[in-house]
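Thank you all for coming; please have the sequence and the model open while I talk, as I will be pointing to residues by name.

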Amino acid sequence: MANVSSLKWAVPLTVIFFFTQIFLSSKLDHWVHPEPFETSQAGQLDPKIVSSLRATAFLSGYKVLIGHAFWIKVLQYYGDADNRVDHFAKLYDYCRLASDLNPQFLPVYTYGAAALAYQVNRMDEAVKLLQKGILANPKANNLKLMLAAMTYHNTADYEKEIPFLELQIAQGNAPTMLVNILANTYEKAGRVDDAIRLWSWILKTTDSDVQKYEATLGLKKLYAIKNTTPSEKVKP
Amino acid sequence: MTTPSNYAIQIKDLSKTYKTGFWLKPKVTNALKNFTLDVYEKEAFGLLGLNGAGKTTATKIILGFLAPSSGSVSVLGGKISNREIRNQIGYLSELPYFSREHTGRELLEYFGSLHGFSGKVLSQRVDEVLELVRMSKPSKDRVSGYSKGMLQRIGIGQALIGKPKLLICDEPMSGLDPVGYKEMRDIFIDLKKMGTTLLLNTHIMDEVERVCDRIGILHDGHLKEVASVPDILQSSVNVDYWVDVDAHDASKLSGVPFQKSVAENGGVQISGLVLPETLTLLSQKQVKTKGVRPLSSVMEAYFLKSIGARTSTEPTEVAK
Amino acid sequence: MKKIFHVTTFTLRELIRSKMLYIWFLSAVVFCLLSYLLSILSFGEVHKIFMDLGLVGMEWSGTLVLILSLAVTYNTEFEQKAIYLQLAKPVTRGEYLLGRVFGFFAVISLVVIGMGLLIAGLVIFVGGGQVTNLFIDSSVFILIEMFVLTTIGLAFQMIGTSMVGVVLYFMFTVFLGHCIGQVEWLLNQNLAPAVKTMLRIVHFLLPNLEAFNLKDRIYDPNLILGWVQWREVLLYGFAYSFVVFVIGWINLEKREFM
């Protein structure tokens, strides 16, 4: 039962809309995906895995979701003690890929740069990562603060580095590693009391056993420097 | 007698061919061949046929579910694609299926709303139809809990909700128990009295005899015969009769032509005579009869004879 | 119009009562758990994780509801032939199809909006953040995408001859619809002309679901979403849906119910 009469008006409109959607599809593509499909290199990571992951992320339309899942993989890599043997050689490549997948996820840059700069002493990679982060997130002031702090750390200008670290921690959402780094920087700058105060605060507030251990070690070392015993209370 | 211009359905040289199987070498099935039929307004027309004869195909073409390969169909003076024509038609499919998640009332309200009813008018109409099909009480229950008979009643209800001028039913008695069967038959008779045209696809001869004015017999895609039911019932189609007589009277009928078998308790099967001739025979032999009943219906015998099937009235050896 | 409305409400009631909304509940539980887990493991930006995963959850739960609805209604309407009694009524096949589209979309909208409200609640009360305007915009884009997918799914229902076929073709189209965005990149590569022509045809025919994908860019500071972009996205969604709807309608008109 073809009700042709009611379709007569629909068919020419269909042709018009068909070409309209072709035109708009291409235009919207450029708007939704301004960046190219291929971005940075695989580095030390397996290129097949990198390209497969990137292809899956782009083709599935769930780039950010895959980015979040991959970030956990990065954290697992950094948390695996076996990788200390090669000084976390792939850490920068992991962080770079994670930032390709999820460019607006700031912990990739803050945590990654902090680990690269302060734990494995690869300042140049940390700076490159932060610069990439600032480009993708121009309003993320904490990345700029971190970059400034690292620049001063590089030149051992700890007094200038400290305010940037303090400001970033005060803004919130800073990785806990950064608090440890500030405590160590206080120590390097000779501000032992500030270091003791910060380690004590960490010891009091943290739930992480690793951080408690590091805080305890830090306090022992600082009290030894001050030639005092840990029983002396220092108000935070 | 209706005049030829008052046709409810006019079918001219309708043919339907199906192609199935591999597209390069399709199997061609001719479901209908040059099918021509006129159904008058206000009559009840029964379409009889074996399974696969083409009854449902014909019904679907009338309703627009299938396109004919050739020929034309006119329903209530117009084309079935016309919405106003469909507004005057009620249809009940074979073994109707409904969304299991609705109640009977909600279904009828939905179908009524498609007919343009709304508000209080719709509500009243739904109540009337539920009362008519004896589904008032279970109407608030979900269809998933309905029996086959209840589904059939809701089915006929949705067919009647729009107060149709033409009611087309495909096997309307399927799944009904004897009480439901009688009630459905009464509904059809009432509808006929109210002037509704009925087109019934059915196998049930009793239904045809009691409800229909005319029948059409479809066999292998061809319309073999169209005849009026009274004419068929009065025709010379022979059926076997069972006559209950006293045991000593049974012997009076032994050796009589047309006597097919005798039972020990005094029953005699008479074959090959119509009823008046059977009664005449019994009277001639001065046999006191306790009862006479047909062993098959006239309609069934007529139908089987039309399609060339073997009937029980074929002559057998006369019992000695 | 009234008949379209009646078919819509009938479809909506049918789908809600067939417990499609349980999918919303299940999706909500799964995504809340995943978001919470990820937020713990990711060291920060909890509200961002909730929003990112929430948008994915909205899209997946909407698509899942659509796929299940297509499967269930195909069985009821075409295999059990419930459609016969409806099409015998004074309702055109176009009205019936449009009513079904709106009915399906109404159920999917309930699921998607419900998820969106839950995510917004989580972001505000658990994540301690704010729901950004781009999150709301992205949610609306997901709704537009769901409308396009609904028309595609129902068009497949009108064309398909089996429930499995309808579902498979639909899922394949959804997958390819997200890949379409990269066809232009492929076209710039060194490929044979015949392959490029085929890719162009595919690009024209399949829905570009990436046009509605703001999930990856809700924090992108370079994203411009003004009236022009809104107009183009809405027009694209409407144009594609219209074309697909008419194809489905033509198939329904010509379909023979044996």
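Let me start with chain B, whose secondary structure comes to eleven helices and 13 strands. Please keep in mind throughout that what we are looking at is a predicted model. Chain B has 320 residues, and 42% of them count as buried. If we take the contacts in chain B between residues at least 6 apart in sequence, then 69% of these join residues at least 24 apart.

One strand of this chain deserves a moment, namely E13, which covers residues 289–294 of chain B and is hardly covered, since the count of buried residues among its six residues is zero. Its partner is strand E10 of chain B, residues 241–245, and the two run antiparallel, joined by five bridges. To find the pairing on your screen, look for B:Val245, which stands opposite B:Thr289 in E13(B).

The contact of chain C with chain A takes 44 residues from chain C and 44 residues from chain A. Here the chain C side draws two or more residues from each of several helices, namely H2 (21–41), H3 (46–79), H5 (93–125), H7 (163–179), H8 (183–187) and H10. Which helix gives the most to the side of chain C that touches chain A? That is H10(C), with 13 residues. The side of chain C that touches chain A has 22 nonpolar, ten polar and twelve charged residues.

H10(C) also packs inside its own chain, and that brings me to the helices. In general, two packed helices are described by the angle between their axes and the distance between the axes. Helix H6 (residues 133–159) of chain C and helix H10 (residues 227–254) of chain C pack at an angle of about 15 degrees, with their axes 8 Å apart. That angle makes H6(C) roughly parallel to H10(C), and the crossing is left-handed. Among the residues in contact are C:Phe141, C:Ile144 and C:Phe147 of H6(C), together with C:Val233, C:Leu234 and C:Gly237 of H10(C). By class, this contact has 16 nonpolar, five polar and no charged residues.

H6(C) also packs with H5(C), this time at an angle of about 145 degrees and with the axes 9 Å apart, and the crossing of these two helices is right-handed. The residues that meet include C:Leu97, C:Arg100 and C:Val101 in H5(C), and C:Ser139, C:Ile142 and C:Leu143 in H6(C). This contact divides into twelve nonpolar, five polar and one charged.

Is C:Lys2 buried or exposed? C:Lys2 is exposed, because there are 11 other C-beta atoms within 10 Å. The C-alpha atom of C:Lys2 is separated by 9.5 Å from that of C:Glu95, although the two residues are 93 residues apart along the chain.

Key. Residues are numbered from 1 along each chain as its sequence is written. Chains are lettered from A and ligands numbered from 1 in the order in which they are written. This is a predicted model: local features need pLDDT of at least 70, side-chain atom pairs count only at pLDDT 80 or more; totals for chains, interfaces and linings use all residues. Axes are lines fitted to C-alpha atoms, for helices over the stretch in contact, and angles run from 0 to 180 degrees between N-to-C directions. Helices (H or I, at least four residues) and strands (E, at least two) are DSSP runs, numbered from the N terminus. Angles under 35 degrees count as roughly parallel, over 145 as roughly antiparallel, 65 to 115 as roughly perpendicular and the rest as oblique. A crossing is left-handed if the near helix is turned anticlockwise from the far one by less than a right angle, and right-handed if clockwise. Two residues are in contact if their C-beta atoms, placed from the backbone, lie within 7 Å. Ala, Val, Leu, Ile, Met, Phe, Trp, Tyr, Cys and Pro count as nonpolar, Asp, Glu, Lys and Arg as charged, and the others, Gly among them, as polar. A residue is buried if 20 or more other C-beta atoms lie within 10 Å of its own, exposed if 12 or fewer, and partly exposed in between; C-beta atoms are placed from the backbone. Two strands pair if DSSP finds at least two bridges between them.
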